Amino acid sequence: MGMNVSRHDDLGENEYLKRFVGKEHIPAYNDEFWNSFLQYHINLPTNSQEQLSLDSRLETLCQSFISHNLSTGNFGSLINVYLVKVSELLALSDAESTVHIWQAFNALFIIRCLIKYMIETGSEYQLLQHFEALPIQESQRQTDGTTQAGGSSSGADVAVSIDPKVIADSKAAVAKLVDGTKFETFLEALVNIIVVIPVKEFTYHLHLEAVNCLIVLLSVSQFSQQRTDKSTIFKTIYKCQHANTLMSALLHFLSRMTQAPSTMFGFGSGGSFVFGIAESLWSILTFARKQPDILSAPDLPSAFKDHYPLANQSLLLMLILSNHYTTKDNPYRASLFGCSDSQADSSKDDAATFKIDFSSLYNTLCRIVTIDQATLLLYLLLHRNQRFYKYVMAQQNLQQLVIPILQTLYNAPDSTSHHIYMSLIVLLILSEDDNFNKSVHQIILKNITWYTERSISEISLGGLLILVVIRTIQYNMLKMRDKYLHTNCLAALANMSGQFRSLHPYVAQRLVSLFETLAKKHARLDQQLKQSVNGEAAVVDVAVSLSAPSSDDMLQDLSVLEEVLRMVLEILNSCLSHQLVYCPNLVYTLLYKRSVFEAFRSHSAFQDIIQNIDMVVGFFSSRLVRVQDQRGELGVNEVLEVISKGASQWSSDRLRKFPDLKFKYVEEDAPEEFFIPYVWSLVCKAGCVHFSSESIKGVTTEINC
C-alpha cells in the first residue's frame with residue numbers, strides 16, 4: 001500500500017512533504033493529496049538516538065513549515081482531515097475501519113512531530129497560531145469579505161498558490177483568530193480515541209499515538225517559563241469534561257497491560273515510507289505473541305517500555321495530569337483519588353469517580369513496582385485513595401507487593417534518590433496500618449536469594465523488612481546523608497515495633513548493631529567537637545584541614561544523631577514493652593551486647609528510656625546467673641530456654657510507660673516543587689517520546705532526557 005517511494009530518499013526530496021510545508025494551500029477536501037500523503041508505514045522511534053535521527057531529518061522541513069503555514073493554513077487542513085478520520089472511525093465497524101485507523105494514526109504522528117518541534121523551538125502562542133491559521137484567501141474573507149489574487153471562491157479541488165504580497169496582512173488576520181477553538185476540537189478528538197475506541201491489535205498504535213500526543217502537548221510547561229495557569233493548552237486540558245473517563249481509560253490501559261502487537265494495523269514491516277527513512281535506522285516493532293514474564297527481565301524498565309508501551313505511556317500521562325495543579329481544581333487528580341473497586345459492593349460507592357478492578361490493578365503494580373513511575377503511582381493511590389489503601393491492606397499476598405519494594409531499597413545504588421525516597425514513603429504508609437504490621441510477621445519466606453549479606457533459609461516478611469530498612473539507614477549514613485530519609489526509615493520501624501514477633505536471631509542482632517554503629521559515630525563526633533573547641537581556643541592548629549566541618553556543623557550533626565539514637569532506643573523499648581514474650585532472640589542479643597548502652601546511662605537525652613532496657617537486661621541476667629550457678633556454663637539453646645521461661649513471669653508493668661509510637665506520613669506544602677520535576681524526569685528517562693533536553697526550562701538540571 002502507499003506510494004512507491006525509495007526508502008533511501010532524503011526527506012527533503014519527498015514531493016508530498018514538500019507540498020505540505022511549501023507555499024501552496026492544500027485544502028482539507030483534496031482527497032487525492034491527503035490519501036496519498038497518509039499512506040505510509042513507519043516504525044516509531046523508540047530511543048533518543050532514533051528520535052534525534054528523525055528530528056534532524058525533519059529540521060529543514062519543519063523550518064519551511066513554520067515559514068509558510070501561517071499563510072497556507074496546511075496544518076489546519078491536516079487537523080481537519082484528522083478530525084474527519086476520527087469522526088468516521090467512531091461510526092465504522094472493525095471490518096471497515098482498518099485503513100481509517102492507519103491513516104488517522106499517520107495524520108496524528110505528523111501532527112505530533114510538528115507540535116513537538118513548535119513546542120521545543122517556539123512559544124505556546126505561536127503553536128496556537130498555527131492551529132488556527134487559515135489560508136490567506138480564507139482569513140481575508142473573514143476580515144473584509146474579499147478574495148485575494150490567486151484565491152479561489154469556487155470550492156474547486158485545487159491547490160492554491162499564495163501571493164507573498166499579502167503575507168503581512170494574513171498574519172495580522174491570524175492573530176485575531178487565536179482563541180483556542182480549533183485546539184479544543186482537536187483535544188476532544190484525542191480524548192475520543194482513548195476513551196471510545198476499544199483497544200484491539202489494529203488500534204493499539206493509534207491509542208499509543210493519542211496518549212503520546214497528549215504528553216507532548218503537556219510538555220509545553222517544560223519548554224516555557226510561562227505559568228501553567230496562564231497556559232491556554234493547560235487550561236483547555238484541565239477544563240476537560242471527560243476527566244473521569246480519560247483517567248479511567250488510562251488506568252485500564254495500565255492495569256490490563258496489553259502487549260504491543262507484532263505488526264502495526266495488520267501490515268507487515270514492508271511497504272512504502274513516505275518519510276523515506278532508511279530501514280536500518282528503525283527498530284521494527286516485533287514482539288513475541290506469548291506474553292513474557294517481564295519480572296524475569298534483567299532490565300525491567302526497558303522491557304516494560306518496549307513490550308507494553310501503551311501501559312507505560314498511560315502511566316506517565318496519569319502522573320503528569322495528576323501532579324500539576326495540585327493546589328487547584330484538578331479533575332484528573334480528583335478522579336484518580338476517587339475511583340473504586342468494580343468488584344466491591346456498588347451500593348457503597350455512589351460517590352466514586354469511576355470503577356476499576358482493584359485486583360487486576362494490584363497484580364499489575366506488584367509486577368512492575370520496582371519501576372520508578374510505578375512506585376510513584378502506588379504512592380499516590382495509597383496516600384490519597386482510601387478505597388485502594390483498604391483493599392491493599394486486606395490482601396493475603398502482601399509479600400508480592402512488599403518484596404519488590406524491598407529489592408529496590410536493597411539495590412539502592414542502582415536507583416535514583418527519588419525512587420529510594422518514594423519506596424520508603426510507601427513502606428511508611430503501609431506501616432500505618434496495625435494489621436499490616438501484624439501480618440508481615442506471619443508471612444514466612446524461604447530462600448531469599450537476592451539478600452546476600454547473609455544466607456537465611458527462612459525468615460518472616462517483617463524480619464526481612466527490618467533488615468532492608470536498617471541496611472538503607474546505614475547506606476544513607478555513608479552515601480546520601482539525608483536527614484529525612486533517616487526519619488522515614490525509623491518512622492516505619494517505629495510503627496511496626498509494637499508488633500515485632502518471632503524475630504530471627506540475625507534481625508535482632510542487626511537492630512542492636514544499628515544502635516552500636518550509631519553510638520560509635522556519636523562518640524567520634526563528640527570527641528571531634530571537643531577537639532575543635534579546644535583547637536579554636538589555642539588560636540590556630542595547622543593540622544586542622546581547611547575543609548574540616550565547623551563547630552556549628554558538628555553540633556548540628558550531633559543533634560541529628562542523638563535524635564536518631566533516641567528513636568532506635570524507643571523502637572527497642574516499644575518491642576520490649578509490647579512483645580517481649582514473643583521476642584526471645586532480641587532479649588538474648590541485648591544481654592550479649594549490654595555494654596553498648598553503657599555510655600548513655602548518664603546522658604540526659606537517653607536516661608529515661610535506657611532505664612527500661614536496663615531493667616529487662618537486669619531481670620534476665622539475674623535469672624541466668626541463678627541457673628548457671630545450678631547447671632554451670634549454658635549453651636545458646638539453654639540461654640534461650642531460660643529467657644522463654646522468664647518471659648512468662650515477666651510483667652511489662654515494671655517498665656516506665658511511654659506513648660505508643662505512631663507516625664503518619666504527611667505530604668509537605670507545595671508538593672508540585674518536588675513532584676513536577678520528578679515526573680518530567682521520568683517522562684524523559686522512561687518514556688517512548690524523547691525531548692530536546694537542551695531546551696527544557698521547567699525540569700531541574702539533574703534530568704537527562
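Is Cys339 buried or exposed, and what is its relative accessible area? In this predicted model, Cys339 is buried, with a relative accessible area of 0%.

**Cysteines**

Cys113 is likewise a buried residue, at a relative accessible area of 12%. The table sets out the two values.

| Residue | Relative accessible area | Class |
|---|---|---|
| Cys113 | 12% | buried |
| Cys339 | 0% | buried |

The number of disulfides in the structure is 0. For Cys113, the closest cysteine sulfur belongs to Cys62 and lies 7.5 Å away, which is too far for a bond, because a disulfide requires the two sulfur atoms to be within 2.5 Å.

**Overall make-up**

The chain has 705 residues, of which 55% count as buried, and its secondary structure consists of 29 helices and 6 strands. When contacts between residues at least 6 apart in sequence are considered, 77% of them join residues at least 24 apart.

**The pairing of H10 and H14**

Helix H10, spanning residues 204-218, packs with helix H14, spanning residues 309-323, at an angle of about 30°, and their axes are 10 Å apart. Angles under 35 degrees count as roughly parallel, and H10 and H14 are therefore roughly parallel to each other. Their crossing is left-handed. On the H10 side the contact is made by Tyr204, His207, Leu208, Val211, Asn212, Leu214, Ile215 and Leu218, while H14 contributes Pro309, Leu310, Gln313, Ser314, Leu317, Ile320 and Leu321. Sorted by class, the contact of H10 with H14 comprises 11 nonpolar and 4 polar residues, with no charged residues.

Notes
Residues numbered from 1 in each chain as written. Predicted model: local features only at pLDDT ≥ 70, side-chain atom pairs only at ≥ 80, totals over all residues. Heavy atoms only, no water. Buried < 20%, exposed > 50% of the residue type's maximum accessible area, 1.4 Å probe, protein only. Axes fitted to C-alpha atoms, helices over the stretch in contact; angles between N-to-C directions. Helix = DSSP H or I, 4+ residues; strand = E, 2+ residues; numbered from the N terminus. Parallel < 35°, antiparallel > 145°, perpendicular 65-115°, else oblique. Left-handed = near helix turned anticlockwise from the far one by under 90°. Contact = heavy atoms within 4.5 Å. Nonpolar A, V, L, I, M, F, W, Y, C, P; charged D, E, K, R; others polar.
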